[in-house]
Amino acid sequence: MVDVESATKLRRSRDALSISGRAIVAFGLWDIARAFLSSAYGSSLGQNDEEIERVFADFDIENMELLAIIALIVLVLLFLSIFLRFHVGLAAHSEARGKKKGWGYVVLAAVMALNNTALVIVSYTFLFVTRSYLSLAGTLITSIIDLTSIYAYVDLIRSAITVKRLTVCQAEGR
Amino acid sequence: MQEDFHYYATYCAAHLAGHTQQECREISYCAQLVDWCSRTFLASLGAPSSAATTQLQLELMEARTDLLGLQDITRIWSSFHFLPRDLHADPGRGGRHYRHKYQLVCGPNGDLLKDTVELARGRGTQAVGLAMHVLADTWAHQHFAGTPSLVINNTNNHFFELLGEGDSVRVRQVRFRHNPTAPDDLENGLYANSIYQQDENSIMNLGHGRAGHLPDYSFARYRYLPAWADYEEVVKDNPSDYWNAFCQMVYAMRCLRTGEPFETNRYAQDAVRPWEADIRSVLGKRQLDSCDDWRQLGERMTGVALDPFDLAAYQQEYLDAARSDRVGTFLGRFFVSALAQKSMVTNRIFRTGSLLAGVSIEYEEKGFGGIKDYLLLVRRVSEEALHE
């Protein structure tokens with residue numbers, strides 16, 4: 001017989017896990033939107049069309065091939081990132097609804113949280129080292145979203161651990 | 001609660017409390033009238049609209065949900081159908097606005113209930129009937145608040161009906177559907193409720209809309225997660241609650257009749273015991289409407305045939321009376337009682353610092369101010385003071 005307090009805590013944690021999972025999925029959608037906006041309108045404020053055209057005018061065939069390969073790798077990584085976010089988010093939501101899930105998505109969430117943390121640190125370091133303050137606004141906005149994403153990952157991990165622990169206790173009748 | 005309890009059960013309770021046959025009819029009529037006295041009804045009689053004790057579905061659909069609109073809704077529903085249990089309750093979390101909403105959660109045996117019953121003392125069967133409606137609803141509608149609030153009144157799919165009793169209790173998930181025209185399907189556990197609306201102040205989040213009619217079925221036992229309860233499960237046992245409501249009504253009406261002061265947490269089980277088996281049987285019967293069973297029980301108790309509720313019963317007297325004399329008619333006295341109840345509850349809520357029910361002006365300190373309909377109340381109180 002599960003005590004009332006544990007049952008309440010399990011419900012609360014499941015709800016938190018579901019919300020975090022949905023948030024991670026939403027951030028995956030944001031990644032898609034950000035990638036589209038970056039490629040369509042440029043990732044750096046302060047650059048205009050004339051400058052970009054001048055940069056590309058200096059490119060020869062070899063550099064274009066390299067550029068294409070880099071673009072392809074970035075695209076693959078982008079899709080991988082989006083896929084992983086969806087996987088983590090949907091797995092969390094699924095576990096919140098009572099389906100048994102392994103620890104894989106939790107470990108993945110931890111890795112992605114660390115990855116996002118590193119990204120935030122790198123972007124600000126790059127900003128201050130290169131003194132490219134014109135892109136401060138963009139970096140600030142992106143980092144706010146990244147920090148929120150980190151919070152969602154941390155909350156997901158915490159809730160997942162609690163849910164798994166209490167589910168085991170419930171199954172054992174403790 | 002529904003007509004079966006407000007009209008017929010109140011009639012039975014009034015009889016057991018020692019009232020005469022005529023008084024029983026008047027009290028039960030007024031108890032049921034609280035569910036019908038809307039602005040539409042009042043407008044048809046040319047009666048003061050502030051005496052409204054309910055809002056029809058169509059009126060709610062058109063109701064504004066700005067500050068003034070919400071205050072108007074809260075005044076009506078908190079005063080007559082969701083009497084707050086503890087206006088000083090502390091939820092232990094949230095800001096001031098949340099705390100004020102939490103303090104409107106309805107429940108039995110609160111201080112306001114005592115005030116409600118005492119307000120009816122010496123004011124005729126109309127006031128008694130109105131008070132009994134309020135008292136009965138504190139049992140049925142507990143855990144919900146009479147103000148539109150998602151964070152207080154919402155429910156989710158963790159809603160289970162408990163079928164059977166004792167060791168043979170079976171748990172069945174309640175399935176809600178948003179079809180107000182189709183009757184609830186008791187066999188298959190399909191119940192209508194209001195649509196989920198994310199807006200905090202949506203009308204859909206008023207009272208027990210999110211739990212459908214389940215609080216109004218005397219047979220229902222269920223457990224669910226109220227939004228205010230922070231994931232703690234609440235078990236509602238309507239047969240037990242309705243039994244307590246009935247016994248408390250008998251006690252309250254006996255107090256009002258004999259002059260004994262009314263105390264909360266007291267029940268006239270001694271007077272009800274001879275009929276306990278019959279009453280519990282009616283309360284526990286799984287049916288959408290128990291009017292017939294209660295009517296038959298009432299007729300057996302009193303030995304007199306009981307007419308069904310007739311909304312038009314006292315209207316002609318009101319319409320035929322001169323304007324200055326209307327306050328002395330049957331309905332006129334009901335309307336004044338409604339104004340008194342609404343004024344009292346609004347004042348109590350306002351004194352806690354909450355503006356959810358609007359502003360209340362202390363007449364004795366500042367004289368008359370606000371809605372002119374309440375002049376009727378002021379005159380009545382003055383007349384009573386003169387009489388004394």
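From the N terminus on, chain A runs α-α-α-α-α. That is 5 helices and 0 strands, where helices (H or I, at least four residues) and strands (E, at least two) are DSSP runs numbered from the N terminus. This is a predicted model, in which local features need pLDDT of at least 70, side-chain atom pairs count only at pLDDT 80 or more, and totals for chains, interfaces and linings use all residues. Side-chain values use heavy atoms, without hydrogens and water, residues are numbered from 1 along each chain as its sequence is written, and chains are lettered from A and ligands numbered from 1 in the order in which they are written.

**Confidence**

- The model scores ipTM 0.78 and pTM 0.88.
- Chain B averages a pLDDT of 93, and 97% of the residues score at least 70. pLDDT is the predictor's confidence in each residue, from 0 to 100.
- Where pLDDT is low, the predicted coordinates should not be read in detail.

**Chain A overall**

- Chain A has 174 residues, and 30% of them are buried. Buried means under 20% relative accessible area, exposed means over 50%, and partly exposed lies in between (1.4 Å probe, protein chains only).
- Take the contacts in chain A with a separation of 6 or more: residues 24 or more positions apart account for 83% of them. Contact means heavy atoms within 4.5 Å.

**Helix packing in chain B**

- Helix α2 (residues 21-33) of chain B packs against helix α15 (residues 330-351) of chain B at about 55 degrees, with the axes 12 Å apart. Axes are lines fitted to C-alpha atoms, for helices over the stretch in contact, and angles run from 0 to 180 degrees between N-to-C directions.
- That angle makes α2(B) oblique to α15(B). The classes are roughly parallel under 35 degrees, roughly antiparallel over 145, roughly perpendicular from 65 to 115, and oblique for the rest.
- The crossing of α2(B) past α15(B) is right-handed, meaning that the near helix is turned clockwise from the far one by less than a right angle.
- From α2(B), the contact uses B:E26, B:Y29, B:C30 and B:L33; from α15(B), it uses B:F330, B:L331 and B:F334.
- By class, this contact of α2(B) with α15(B) has 6 nonpolar, no polar and 1 charged residues. Ala, Val, Leu, Ile, Met, Phe, Trp, Tyr, Cys and Pro count as nonpolar, Asp, Glu, Lys and Arg as charged, and the others, Gly among them, as polar.

**Helix residues in chain B**

- B:S28 also sits in helix α2 of chain B. Its relative accessibility is 0%, so B:S28 counts as buried.
- Beyond neighbours within four places in sequence, B:S28 contacts B:H6, B:Y7, B:T10 and B:Y11.
- B:V128 belongs to helix α8 (residues 124-140) of chain B. At 8% relative accessibility, B:V128 is buried.
- Leaving aside neighbours within four places in sequence, B:V128 touches B:I27, B:A120, B:M253 and B:L256.
- B:V128 and B:R39 are 89 residues apart along the chain, and their C-alpha atoms are separated by 22 Å.
- B:S240 is in helix α10 (residues 238-258) of chain B. With 28% relative accessibility, B:S240 is partly exposed.
- From B:S240 to B:R121 is 119 residues in sequence and 28 Å in space, C-alpha to C-alpha.

**Positive phi in chain B loops**

- B:H143 lies in the loop between α8 and α9 (150-153) of chain B. Phi of B:H143 is near 80 degrees, a positive value in a residue other than glycine.
- B:H143 is buried, at 12% relative accessible area.
- B:N265 is in the loop between α10 and α11 (269-272) of chain B. Its phi is positive, about 60 degrees, although B:N265 is not a glycine.
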